[in-house]
Amino acid sequence: MAKHQWPSQLSVLAPACALAIAYFLTARAGLLLSLPGSNASPVWIPAGIALAGMIHYGRSIWPAIWLASFAAELVSQQADSFSKVILALAISIGAPLEAVIGATLIRMRADFSPSLEKKQDVARLLILGGPVACVTSATLSIGLMASLGVIHIQDAGAHWLAWWFGDTFGVLIFAPILLLWLQKENSTLKRRLLVTLPGLASFTLAVISHYYLVQADQKQIKEDVRQQGVQLRWSTFNQIQGITNAVSALALLFEGSKVIVPQDFERYASQFRNFHRDISGLGWAPYIDKASRSNFEHWATLLLEKDYQIRETLGQQQIPASERNFYVPVLYVTPNNEVTRAAQGFDLYSNAIRRSAILESMRKGDLTLTAPITLVGNYGKGAICIAPVYSSPPQSANSDQKRRIMGFVVGSVQIGNLIDRLSQDINLELFHIEIFDITEPEQPEALFISRQSAPDNPLEDMFTQTMQMDISGRIWRISITPTRLFIKQDASITPWIALILAVLFGSLLTAVLLLETAHTVKIEKEVIDQSQRLVKAETRYQELFTGLKQVIFQADKAYQWRVLNPAWSGLTGENPDDAVGREMFHYFHPDDCDKLKDALQKIARLEESSLFLELRLNALQLERAPWVEIHLQRSKDASGKMDGYSGFIADISERKRLDILKNEFISTVSHELRTPLTAINGSLALLDSGRLGLLPDQAKQMLHIAYSNCERLLRLINDLLDIQKIESGGLEFSFERLDLRDLIDEALSANQQLAEKASVTLAFEPPASPALVKADRDRLRQVLDNLISNAVKFSPADEAVSLTLNTHAHYWEVSVQDQGPGVPPEFRNKIFQKFAQADSSDTRLKGGTGLGLSISREIVQRHHGQIGYHSEPNCGATFYFRLHALTNGAVWEAQASS
């Protein structure tokens, strides 16, 4: 019988080793997310590996699980002592025990199948193997660490929950996946992948989201602690600075005094102490040389009415001061009580710390702060401010007179009292605070420690914030560490909620995929059929796409070609594939790129649904520079959102060539006609005025008709020349700063006679504030004249043409409203085109060249403005243009320079 067992056990050895290695490696990865101070990780893949191995291979696999768990614990505990090895050994027992219990509970029903094809099998695995069995390892491990003091008993609950949740997470996600890959029967590669890939994706999403949410939470806690530290540092600095300023001010008050009497000192010092209650005490210590010691002691005895002697400290006793060149004994003190009076006569210079500060203040001639000392009268740790007082005020910089020092104003500060007063700004129950003097970095000295022992909780220490401040030459370091109470109050539960939701989603997803993979074959067949139909549709599309002579294109929001049909080669000589990915402006003439970009932006802003543009291709990029007409419209994705632009491009070079010939012909004819026509017009005007004599009525009527037609023909020629200049770029503009109110008044005056002939009233209410713009006065006046004359011509008699001037966020809008028939619907799309006139007989009777609105549009666009209209049939029309507003001189200069 034993002979038959050996091969069976050896067959398990290889997978056991592989399982142990996988357990150890995933354990090392899981520990990266463990809570500080313990191995409790919210993501523990090894639990799923152990359970799957135990179900598939049986209980004989438990030594491999235990050895892998023991190795992982040794590494994580950094077991450098026997006690840590024993702790790792005890904790590692939980992993195989949990797997054995889980496998036993799952296999309690004899019909359980590891292939997980039935709802009962999936439910038993995910419930009994997960949340139920995972209580074992969490309880055993956290209980041991809490009892041995590895983690604080207050934190045991959080660590237990993290441990249990991490094991449950590993079982719910990875145990089903591993069982499918270990099971050979009824588990195809397709089914394995359909379950594994979504499971791994949900796991990855859960881990990443939890990690970054935890990092964000910890970052927020650190920021909150830092803000508390900054507030503490600022408040402490302000209080200390206020105290040093008070001591310096008291010293300056006595500057130049011959004698400082006790009444004056008590009065002024008490006032300063009442204002700065953090000053433990104030004192006056005169500078006494060796020769004056005896006289000073006698004088002080009479003044204070008690025996006064200059003393120094020897051990715990005070003795008469030994002889030295000078002394700095305390003479006056406030508050005047038994404790402070004991300091009278004490020679500050006899103490090393005070002596160092006295010498430094004499060297600088300014206040100095001592190193940390124990204050007299059981006041605890603190510091002393020492400010020199001189017999005369400060001299000028070029004075050679040396000032004589009279003594020192001394102020003591007890840091503990100061921090207690700041408790209204920071809750000391939520933070551990330490203040050290690190002026000498090798020997830092404590000024204040809010607790007796140093922090030893990693969960708290990781949020410790340290900062420094310079106070009168001393460097103080403030460390602020949050307590568990603050961390619990400030920590967010969002990372755990996200992780719990991710685990629930992942487990439900796994369960659904396990039960529904039987339907994947049907779904695959439907996908294949649909793919074949799509291929046929794609073929038909390609035939149409490649057969057109016009260029069909798609571009993304970054204006880069995304799709180009083969007609691109015929237009540019370049392979469409080479152009895809390049910016579309790369292929258009630099002078036309702004026009193209403006059109694209209008479409993106939904100002236009589609646009037609005539542009030149880039001659530097291509062998030739043809003119093209490009049609632009929005391109939408499957959800209906705009994802770019689409349209077509047609070569109109031949049409443009004919237009150039036409324009040259018009320009030549116009120039040749304008000179004689101007002379004829002048002669007719002179005859029509009657200056050359009276004519018969019939001749005068014919002459007036000829004069009117001559003027109309001259206007037509001028408009043709303006259009030709605009198209050739020869129309010059002279921009200046002007007020639209004045320009409108000029235009109204010029068109008043035209309005009176038509029995039309011109109305305009100018705004109170200036309407400043940057514009060419003459060209803008031409626009106004066109709009006003059109409104007058199309308004019925006895009606009014209203002009309004309104301000908006960044522009001024000038509108001209008439009461005429309005713009016919069929004419609206071409109203701003050249020679555009409505075809009704009534309109033709009004006269005009059909070029005014086209010229006006070009002039407004050269001002970087907008022109448009609103019209309803039989309700009149309102034409408007908008120009950027100048708000002040600075804006004018900025816009003028641009």
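Leu504 is partly exposed, with a relative accessible area of 46% (buried means under 20% relative accessible area, exposed over 50%, and partly exposed in between, with a 1.4 Å probe and protein chains only). The residue is part of helix H17, which spans residues 494–516 (helices are DSSP runs of H or I with at least four residues, strands are runs of E with at least two, and both are numbered from the N terminus). Together with Ile493, Ile497, Ile500 and Leu501, Leu504 forms a nonpolar surface patch with about 460 Å² of accessible area. Patches are made of residues with over 30% relative accessible area and no salt bridge, like charges being joined within 9 Å and nonpolar side chains (Val, Leu, Ile, Met, Phe, Trp, Tyr) within 5 Å. Accessible areas come from the Shrake-Rupley method with a 1.4 Å probe, and for residues only the protein chains shown count as cover.

The model is predicted: local features need pLDDT of at least 70 and side-chain atom pairs count only at pLDDT 80 or more, whereas totals for chains, interfaces and linings use all residues. Residues are numbered from 1 along each chain as its sequence is written, and side-chain values use heavy atoms, with hydrogens and water left out. The mean pLDDT of the protein chain is 80, and 84% of its residues reach 70 or more (pLDDT is the predictor's confidence in each residue, from 0 to 100). For residues 1–7 the pLDDT is below 50, and this stretch has zero contacts in the model beyond near neighbours in sequence (contact means heavy atoms within 4.5 Å). The pLDDT is also below 50 over residues 889–898, a stretch with 12 contacts beyond near neighbours in sequence. Where pLDDT is low, the predicted coordinates should not be read in detail.

The secondary structure of the protein chain consists of 29 helices and 26 strands. Of its 898 residues, 43% count as buried. Among contacts with a separation of 6 or more, 65% are between residues 24 or more positions apart. The accessible surface of the chain comes to about 47,600 Å², and carbon and sulfur atoms account for 55% of it.

The largest nonpolar core has 54 residues, and those with the most contacts inside it are Phe265, Trp284, Ile415, Ile435 and Trp476. A nonpolar core is a set of buried Ala, Val, Leu, Ile, Met, Phe, Trp, Tyr and Cys residues joined through side-chain atoms within 4.5 Å. Helix H9 (residues 189–253) gives the most to this core, contributing nine residues. Leaving out residues up to four places away in sequence, Ile415 touches Ile240, Lys381, Gly382, Ile435, Leu447, Phe448 and Trp476. A second, separate core of 52 residues includes Ala52, Leu125, Cys134 and Ala511.

The structure holds 17 salt bridges (a side-chain nitrogen of Lys or Arg within 4 Å of a carboxyl oxygen of Asp or Glu). One of these joins Arg474 and Asp437, with the closest N and O atoms 3.1 Å apart. This pair links distant parts of the chain, Arg474 being in strand E14 (residues 474–482) and Asp437 in strand E11 (residues 431–437), 37 residues apart. Both partners are buried, Arg474 at 18% relative accessible area and Asp437 at 2%.

Arg777 is partly exposed at 25% relative accessibility, as are Glu736 at 33% and Glu746 at 34%. Elsewhere, Glu312, Arg324 and Asp347 are linked in a network of salt bridges.

Arg293 lies in helix H11 (residues 293–304) and is buried, with a relative accessible area of 13%. Beyond its neighbours within four places in sequence, Arg293 is in contact with Ile288, Ile310, Pro320, Ala321, Ser322 and Tyr327.

Most residues other than glycine have a negative phi, and most peptide bonds are trans. A cis peptide bond joins Thr334 and Pro335, with omega about 5 degrees; Pro335 is in the loop between strand E6 (332–334) and helix H12 (338–341). Asp798, not a glycine, has a positive phi of about 70 degrees. This residue lies in the loop between H26 and strand E23 (800–807) and is exposed at 69% relative accessible area.
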